[in-house]
Amino acid sequence: GEGPGPDHVPWPADVAARYRAAGYWRGQTFGALLTSLAHAHAGRLAVAGERAGTVTRWTYAELDERAHRIAAGLAGLGIGPGDHVVLQLPNIPEFMPVVFGLWRAGARPVFALPAHRRTELRHFAAQTGAVAILTVESHEGHEHAATARAVARDVASLRHVLAVGSAEFDDLAATAPRELPDPDPAGVAFLQLSGGSTGVPKLIPRTHDDYLFSVRESARICALRPDSVYMAALPVAHNFPLSSPGVLGALHTGAAVVLAPRPDAGTAFRLIEAERVTITGVVPPLAAAWVQAASGTGRDLSSLEVLLVGGAKCGRELAGRIAPALGCRLQQVFGMAEGLVCYTRLDDPDELVLGTQGRPISPDDELRIVDPGDPDASSADVVGPGEVGALLTRGPYTIRGYHRAAAHNAAAFTPDGFYRTGDLVRRRPSGHLEVVGRAKEQINRGGEKVAAEEVEDHLMAHPAVLDAAVVAVPDEYLGERTCAYVVPAAGAAPTAPELRRFVRERGVATFKVPDLVRVVDAFPATGVGKTSKRDLRAALAALREDG
Ligand code: J2J
């Protein structure tokens, strides 16, 4: 066989040299960045947040010291350079010193989301040979530490389960600081998760050099200043609130980070008022909820200058309502954990801010928009100006391959290193992109990505299921929801509630449980015998019209 492939597919040496010469990659690690921030902004507020009802406010000096202690504590447990640690923390203040502590120890966080459950955590740990899971005891009614301990019994490499809030973690975080070797800035700093379209979530290796470039440029494009206050409303480990410009962009600028424990309008507006938040980011359904809640709110939202909206398409209708309702500027962002991030610029005309998803961060983000039907996606297949095509990209912060996924990489990247985003876009003469659809088998549930094949695999594990196909259905609030078509095994009669419960009990994030389940005799087939998801979507549309 081909073997799993490398942890990291590096950029070709000549390309890397070009990115260094251009000043994009500066040879600084995140740990070294925090050290310099602590000197420049020692007494300024770095992080405000709450956990279990306790409010925490740390200055840059305090954040720096905590990160040093956690790094020393991790090193004391033997967690060090190149070790993977599955990190599953909600929006609590400890997220920041823990992440910087891992970086200073040379360990690589694998950024799980709070919604992930044992099946996903087991995959992340097994795939990376992780030595630890670092999580919380419990959060929003889920016993995270218990889940992590169950995973640790299944994955031999896992030596530690550490839970923020436990006595063991408090001891670790009280370790005397000590000097640790700074890791290679060109090496992998952490793994992000791919929204994906295949059976198991793919892991995305990002380096200090490439990620810091995107963070620095994002902070500039979003006009962050040292007196800005950035609020993370979405789960902070996700690439958007982490880096676009996110908590890291804010810290990079010497600004303050506020971690909102929940993204609902009540919580968010309370914190915007209390902390004088100037900028935050949301997915479109949340933007719609905030717009609606703004009219009756007694909260003072006047500090808010910019609302970033991305993760899924923000339609023109919703886009137009944001500035009037919230009294701030809209900035659209179209990004992906694999790299490329596009923003509308703060001085763009309304026409572009309301009607596009922005243009890339860097002039060295190379875009190729090709005929979606073309399998090799070579430069010969570039569509004409203004025509819709499939977006391919490569550049100074877009990966060249997933973690240990040689076979998948062969399909997800072109031979000359372009990442196939799976998004259908149209480019304006200004360089701004309009996202008009998707060529990948993924459902975008209001910003939460569901890989059709992953859910199909879970359904097919049920003895009463012969075959399954998961497609998107339009949804007024989320944009899309999932519908699973299921062909029963001979003589079996599975029901929708039973199948939904079955998927949930396999230990996967709730957002992956199919919203709708339809049991059918057979699937419409394409000419080559593959299930035609296009026909399934059409059948579903017809069903809806019938009522
Ligand atoms: C349409 N589709 C969008 C948009 C992402 C910033 C913002 C978002 C993400 C993110 C991110 C979209 N309109 N404005 O990482 O740094 C869909 C596309 C894309 C996929 C990536 C960031 N913004 N999308 O959403 O890795 O289909 O990153 O390829 O979760 O989300 O998903 P993800």
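In the predicted model, Ile-279 is in contact with Cys-222, Ser-228, Tyr-230, Glu-305 and Val-306, when its neighbours within four places in sequence are left aside. The residue is found in strand S11, which covers residues 279-282. Although Ile-279 and Val-229 are 50 residues apart along the chain, their C-alpha atoms are separated by 6.4 Å. Ile-279 has 25 other C-beta atoms within 10 Å, and it is therefore buried, since a residue counts as buried if 20 or more such atoms lie within that distance.

Burial also marks helix H4, which comprises residues 95-105. Eleven of its eleven residues are buried, so the helix is largely enclosed by the rest of the structure. Among these buried residues are Phe-95, Met-96, Phe-100 and Trp-103, together with Gly-101 and Arg-104. H4 is followed by Gly-106, whose phi is positive, with a value near 85°.

The ligand is surrounded by 23 residues, of which Asn-239, Gly-310, Gly-335, Met-336 and Ala-337 are the closest. Two or more residues of this shell are given by each of four elements, namely helix H9 (239-243), strand S13 (329-336), strand S18 (419-427) and strand S19 (433-438). Strand S13 gives the most, with five residues. When the shell around the ligand is divided by class, eight residues are nonpolar, eleven are polar and four are charged.

Towards the C-terminal part of the numbering, the UniProt record, in an unreviewed entry, lists residues 454-530 as "domain: AMP-binding enzyme C-terminal". The end C-alpha atoms of this span lie 17 Å apart, and the span is 22% helix and 32% strand.

An open sheet of three strands has the order S22-S23-S24, and its pairing is mixed. Strand S22 (465-475) and strand S24 (516-519) stand at the edges, where each has a single partner strand, so one side of each is left without a neighbour in the sheet. On average, and with direction ignored, neighbouring strands of this sheet are turned by 25° against each other. S22 is joined by ten bridges to strand S23 (residues 479-488), and these two strands run antiparallel. Within this pairing, Pro-474 stands opposite Glu-480 in S23. Helix H16, formed by residues 452-460, packs on the sheet and touches both S22 and S23, while its direction makes about 140° with that of S22.

Conventions:
Residues numbered from 1 in each chain as written. Predicted model: local features only at pLDDT ≥ 70, side-chain atom pairs only at ≥ 80, totals over all residues. UniProt positions renumbered as here; feature names shortened; annotations may be inferred. Buried ≥ 20, exposed ≤ 12 C-beta atoms within 10 Å, placed from the backbone. Near = placed C-beta within 6 Å. Nonpolar A, V, L, I, M, F, W, Y, C, P; charged D, E, K, R; others polar. Pairing = 2+ DSSP bridges. Axes fitted to C-alpha atoms, helices over the stretch in contact; angles between N-to-C directions. Contact = placed C-beta atoms within 7 Å.
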